[in-house]
Amino acid sequence: MTERDYVLGTHDEEIARLGLQHRVWRPTVLECWKRAGIARGNKVVDVGAGPGFATLDLADIVGPTGEVLAAERSERFLETAKKACAGRGLSNVRFRSMDLMNESLGVTGFDAAWCRWVACFVSSPQTLMQKIADALRPGGLAMFHEYSNYSTFQFTPRRPALERFALEVMASWRTAGGEPNIGLDLPALLPAVGFRLRQVRHHVFAVTPRDEFWQWPASFVGINVDRLRELGRVSADWAGQVRRDFQEAEADERTVFTTPLVLEVIAERQ
Ligand SMILES: C[S@@+](CC[C@H](N)C(=O)[O-])C[C@H]1O[C@@H](n2cnc3c(N)ncnc32)[C@H](O)[C@@H]1O
């Protein structure tokens, strides 16, 4: 089957980056799920599950009496998720190879849905919200982590090439039909398909090169500069400047990186 790629790519390095990304965001995610009351026996859909890093955690939480459906378009990501679940002997995860823009999630009556960094890549967030609503029971919860202001991606002291990089990342997602700041629209999109907002909050971190969280921008900049080259969007010179700015930031003990602002939404299906 042909691989269904997207703007960030589905290559092995990107799979490893998504694993690292899940590791640094994991405490924030676990806290969100706890606040939403995700528990043993629940049926949860991981919408745009990627290689399944959150799927594995959800499967542990819901346990053998619960169920996780990992819905994802990329065959490479799904294969990685399947292998990881098999490696852990998990039998409570189902996989669905699907394009969220064209197909339904194929389930109804689920207790919850987890959707992280997916709405920013789809051509119709309304369609995505409707598919999620259709999969949940009344009272079921949809949980989102999406960017609401990508421009907070900034370095102090200022690094002009890295500021240009953040703008280029946003432009590349928009060219591919997505919207990086889609979080801004969620509080209006969700009620339109029958959800009531339960909790809304922001997540933003100030990170230094000495923090483990630093590996998140480090891997994203390293891999995405190559991806932007591959997409034909930037020159070798441009990429070199971004890499140099990042190396200088990393070597500068005054450096503070502000993460792109994430909006967390927990909404209840009416
Ligand atoms: C940045 S990754 C996030 C993966 C995962 N949610 C996580 O947090 O690790 C975005 C994911 O959305 C998936 N995706 C984007 N558009 C999709 C679509 N139309 N249908 C299904 N999956 C899609 C991509 O294949 C990718 O796995």
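Ala, Val, Leu, Ile, Met, Phe, Trp, Tyr, Cys and Pro are counted here as nonpolar, Asp, Glu, Lys and Arg as charged, and the others, Gly among them, as polar. The structure is a predicted model, in which local features need pLDDT of at least 70 and side-chain atom pairs count only at pLDDT 80 or more, while totals for chains, interfaces and linings use all residues. Residues are numbered from 1 along each chain as its sequence is written, and side-chain values use heavy atoms, with hydrogens and water left out.

**View A. Lining of the largest pocket.** The lining divides into 29 nonpolar, 9 polar and 7 charged residues. A pocket is an open set of points on a 1 Å grid over the protein atoms alone, where a 1.4 Å probe fits and protein lies on both sides within 12 Å along at least five of seven lines; lining residues have an atom within 4 Å of a point. The volume is about 740 Å³, taken as the space filled by probe spheres set on the points, which are joined across faces, edges and corners. Of the 45 lining residues, Tyr6, Gly48, Trp117, Val118 and Phe121 lie nearest the centre. Helix α1 gives the most to the lining, with 4 residues. Helices (H or I, at least four residues) and strands (E, at least two) are DSSP runs, numbered from the N terminus.

**View B. Trp117 in the loop between β4 and α4.** Trp117 has a positive phi of about 50°, although it is not a glycine. At 10% relative accessibility, Trp117 counts as buried (under 20% relative accessible area; exposed is over 50%, partly exposed in between; 1.4 Å probe, protein chains only).

**View C. Leu128 and the largest nonpolar core.** Such a core is a set of buried Ala, Val, Leu, Ile, Met, Phe, Trp, Tyr and Cys residues joined through side-chain atoms within 4.5 Å. Among its 91 residues, Leu128, Ile132, Phe165 and Trp173 touch the most other members. Helix α1 (residues 12–36) gives the most to this core, with 9 residues. Leaving aside neighbours within four places in sequence, Leu128 is in contact with Val47, Leu100, Met101, Cys115, Ala119 and Val122; contact means heavy atoms within 4.5 Å.

**View D. The open sheet β6-β9-β8.** The 3 strands pair in the antiparallel sense, where pairing requires that DSSP finds at least two bridges between two strands. β6 (154–156) and β8 (206–207) are the edge strands. Val207 stands opposite Phe257 in β9.

**View E. A cis peptide bond at Pro157.** The bond from Thr156 to Pro157 is cis, with omega near -10°. Pro157 is in the loop between β6 and α5 (160–175).
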